[in-house]
Structures are given as C-alpha cells and as structure tokens.
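Colleague: I am new to this one. Please walk me through how to read it.

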Amino acid sequence: MRQALSLARKGLGHTFPNPAVGCVIYQGDQVVGEGFHPKAGEPHAEVFALRAAGQAAAGGTAYVTLEPCNHFGRTPPCSKALVAAKVSRVIVGVGDPNPLVGGSGVTTLKEAGIAVEYIGGEEEAECYAINADFMERMRA
C-alpha cells in the first residue's frame, strides 16, 4: 500500500474533481503493474496498473488507495476492469464516500469471487488524508 500511496501523490493537484489514487498489482511477491490517476477525464489508477500488468494481473493482488469506482462517468468502472482482468484479491486503502460508489465497488468485486480486504490502521488514515478535500466534499 505504501507504493500505491507514493503513486497516488503524483496526481495530487491534477485530478480535481476526482481523488488522487494509486494502484499496484502483485503476482506473488513481484510487482507486475502500477499506475496512478494523472488527471480528471483520463483513465484511473487501476486501468494504468492493469495495462502495465497485462495477463500477469490474473490471479494477482491489487493494492488500491481508494475503493474502485463502480459507475460510468468519463471513464468506465474500475471495479469491472479488475473483474475482467481476473485479479484474485484487492486490498483497499479506504472506502469511497462518493454516493455513486459508497461500497458498490467492493460489492461488485466480491460478487465476482474476488477477495476484498481493507488495509486499516495507519495506511488507511494516509489513504484518507491524501484526499481529505475529496472525502469531505463527497460526505457533504
């Protein structure tokens, strides 16, 4: 998750109104793909990481700083991209309070048989903190 947080920070100040998100995909103990959301309207972190991983994403574990989106906006839902790539596990930094997501991304993953865990602790707090403005805006 620390690597995903580092990637997410690369997007800070460029993603408004979206959050800054990072994603790292592991196959065993090897990083096979990573990405971050660079700018609103461009693909999200998961998409860049999945593109980099290619077929190696299948059966892998994705670490993502924010719950994958589950709706069509300017880009398709990341939850469905993770399902299509056949990852076996997703570790989520923090849930997305956006009313268009709000747990539905995790639900989509679980319904597809993907194991989902929340990171918790200090790393969860960091995942929240890097997008504090977005998180508060969505809660309001």
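Colleague: How many of the 140 residues of the protein chain, in percent, count as buried?

Modeller: First, the ground rules. This is a predicted model: local features need pLDDT of at least 70, side-chain atom pairs count only at pLDDT 80 or more, and totals for chains, interfaces and linings use all residues. Residues are numbered from 1 along each chain as its sequence is written, and side-chain values use heavy atoms, with hydrogens and water left out. Now burial. Buried means under 20% relative accessible area, exposed means over 50%, and partly exposed is in between (1.4 Å probe, protein chains only). Here 46% of the 140 residues count as buried.

Colleague: What radius of gyration does the protein chain have, and what would a compact globule have?

Modeller: The radius is taken over C-alpha atoms, and the globule rule is 2.2 Å times the number of residues to the power 0.38. For 140 residues the rule puts a compact globule near 14 Å; this chain has 13 Å, which agrees. Its C-alpha atoms fill a box of roughly 35 × 30 × 30 Å along the principal axes.

Colleague: What share of contacts joins residues at least 24 apart?

Modeller: Contact means heavy atoms within 4.5 Å. Take pairs at least 6 apart in sequence: 69% of those contacts join residues at least 24 apart.

Colleague: Which residues have the most contacts inside the largest nonpolar core?

Modeller: The general idea comes first. In soluble globular proteins, nonpolar side chains tend to be buried together. A nonpolar core is a set of buried Ala, Val, Leu, Ile, Met, Phe, Trp, Tyr and Cys residues joined through side-chain atoms within 4.5 Å. The largest one here has 33 residues, and Met1, Cys23, Ile25, Leu82, Val87 and Val90 have the most contacts inside it. Elements that each supply at least two of its residues include helix H1 (2-9), strand S1 (22-27), helix H2 (45-53) and strand S4 (89-92). Look at Val90: beyond four places in sequence, its partners include Ala62, Leu82, Leu109 and Val116.

Colleague: Where is the cis peptide bond?

Modeller: Check omega. The bond joining Phe16 and Pro17 is cis, with omega about 10 degrees. Pro17 sits in the loop between H1 and S1.

Colleague: What is the phi of Lys86?

Modeller: Lys86 has a positive phi, about 65 degrees, although it is not a glycine. Find it in the loop between helix H3 (78-84) and S4. Lys86 is exposed, because its relative accessible area is 60%.

Colleague: Is Asn131 buried or exposed?

Modeller: Buried, because its relative accessible area is 7%. Asn131 lies in the loop between helix H5 (121-129) and H6. Beyond four places in sequence, Asn131 contacts Pro19 and Ala20.

Colleague: And Pro99: buried or exposed?

Modeller: Exposed, because its relative accessibility is 68%. Its loop runs between S4 and H4. Pro99 and Ala56 are 43 residues apart along the chain, and their C-alpha atoms are separated by 32 Å.

Colleague: How far apart in space are Pro43 and Arg74?

Modeller: They are 8.7 Å apart, C-alpha to C-alpha, and 31 residues apart in sequence. Pro43 lies in the loop between strand S2 (30-36) and H2.

How values were computed
Helices (H or I, at least four residues) and strands (E, at least two) are DSSP runs, numbered from the N terminus.
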